[in-house]
Amino acid sequence: MPRQDTQGPTRPGPPPTAVCVGESMAVLLPDRPGPLESVENFRLSVGGAESNVAGALAAHGVPTAWISRVGDDGFGRRLLTEVAARGVDVSAVAVDPHRPTGVYLKEVGGTTGHRHDLGPGRSRLHYHRRGSAAAALSPELLAEPAAAALLAGARLLHLSGITAALSDGCLALLRALLADRRPGRLVSFDLNWRPSLWRDRDPAVLPPLLDAADLLLLGADEAEAAFGTGDPAALRRRFPAPATVVVKDAARQASALERDGTAATEPALAVEVVEATGAGDAFAAGYLAGTVRGLDQRRRLRLGHLSAACALTAHGDQAELPDAAVVAALLDASPAAWAATRVTAAGITGPALPTGRGRPADPPRTRPTDRATAPDQARAQ
């Protein structure tokens with residue numbers, strides 16, 4: 001891996017508790033619903049699983065760093081600026097003078113009547129990432145002083161299966177990070193199954209990576225596609241080594257299964273969905289924030305659900321969280337009060353909330369009520 005010419009800016013503040021490693025990209029968002037051929041203009045944004053988790057962790061009050069590589073181009077500079085603006089330390093992001101920043105386009109379904117329209121409430125991501133700067137990540141990263149310092153001090157290291165699919169160097173980096181076990185550091189791994197990334201690579205490399213983590217996050221639908229089962233008990237048997245396996249069953253529930261056989265399950269919140277992209281990353285961040293804070297499993301799962309619900313009712317990958325009083329009330333709510341809670345773009349309502357408290361209004365909602373949470377409903381095509 002060539003040495004970088006420059007690095008991201010250093011963010012003053014406490015040393016990061018969590019470090020997320022993986023690719024993020026520039027995102028082109030359409031100005032209207034419908035198939036790409038009908039779109040006139042695109043708005044530039046940024047996105048990526050690991051930086052999404054990093055930003056959401058920071059929003060939950062967990063000091064977090066994101067480590068990656070970007071191109072020495074406008075897209076790379078935009079990425080560094082926006083991720084840093086979310087409160088994330090980007091001081092160890094390498095700027096590659098030879099490779100570009102990856103890009104993806106978002107396609108949003110509507111009611112245009114066009115035969116290629118995905119339909120309301122659905123979206124699809126189109127990736128252009130081959131040969132990107134982040135694809136050049138490798139174990140050499142561990143020798144870079146800025147990255148090594150962040151990794152040495154982290155209590156939580158978050159990785160995902162996306163990185164394993166990008167290149168041999170990226171796969172080697174994941175193996176090196178998972179092998180570098182350190183006392184007091186929890187390693188979490190989100191499957192993040194993206195079929196299009198594995199068309200030219202062997203997904204058989206994934207199970208050993210997942211089984212080497214301390215905390216494994218799996219979407220039931222993703223696990224079904226990748227491993228032939230989405231059943232939590234079967235997945236717990238398939239991956240015996242992690243201390244905890246969390247299985248997110250979309251609009252229904254999420255379960256945390258411990259290695260000692262104990263398990264906890266929490267139902268999803270009732271959500272009026274605006275856009276599905278980013279919900280899986282938000283769930284991961286909420287659950288991980290609860291883990292860092294030492295919450296019990298029920299509250300960790302609830303914080304994951306709440307974080308995902310807020311993402312589902314906002315445009316884009318990042319969403320505003322409720323204030324601390326609302327979060328505390330929902331985490332402590334009775335099962336009945338939790339079940340009666342409703343999350344919409346206009347705010348959060350339910351019997352457990354402090355009077356007059358709720359999340360500030362977001363843009364208008366666009367989809368009927370659904371119970372939805374953890375995994376993204378938009379997948380790579």
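Start by selecting Asp332 and Arg299: their side chains meet in a salt bridge, 3.0 Å from N to O (a salt bridge being a side-chain nitrogen of Lys or Arg within 4 Å of a carboxyl oxygen of Asp or Glu). This pair links distant parts of the chain, 33 residues apart: Asp332 is in the loop between α11 (324-331) and α12 (335-339), and Arg299 is in helix α10 (residues 297-312). Helices (H or I, at least four residues) and strands (E, at least two) are DSSP runs numbered from the N terminus.

Before you go on, note that this is a predicted model, where local features need pLDDT of at least 70, side-chain atom pairs count only at pLDDT 80 or more, and totals for chains, interfaces and linings use all residues. Residues are numbered from 1 along each chain as its sequence is written, and side-chain values use heavy atoms, with hydrogens and water left out.

Next, pick Arg130 and Asp200, a salt bridge whose closest N and O atoms are 3.5 Å apart. Arg130 sits in the loop between β9 (123-128) and α3 (145-153), and Asp200 in the loop between β11 (186-190) and α6 (206-211), 70 residues apart. Both Arg130 and Asp200 are exposed.

For a last stop, select Arg69, Asp96 and Arg99, which are linked in a network of salt bridges. The count for the model comes to 18 salt bridges.

Technical notes:
Buried means under 20% relative accessible area, exposed over 50%, partly exposed in between (1.4 Å probe, protein chains only).
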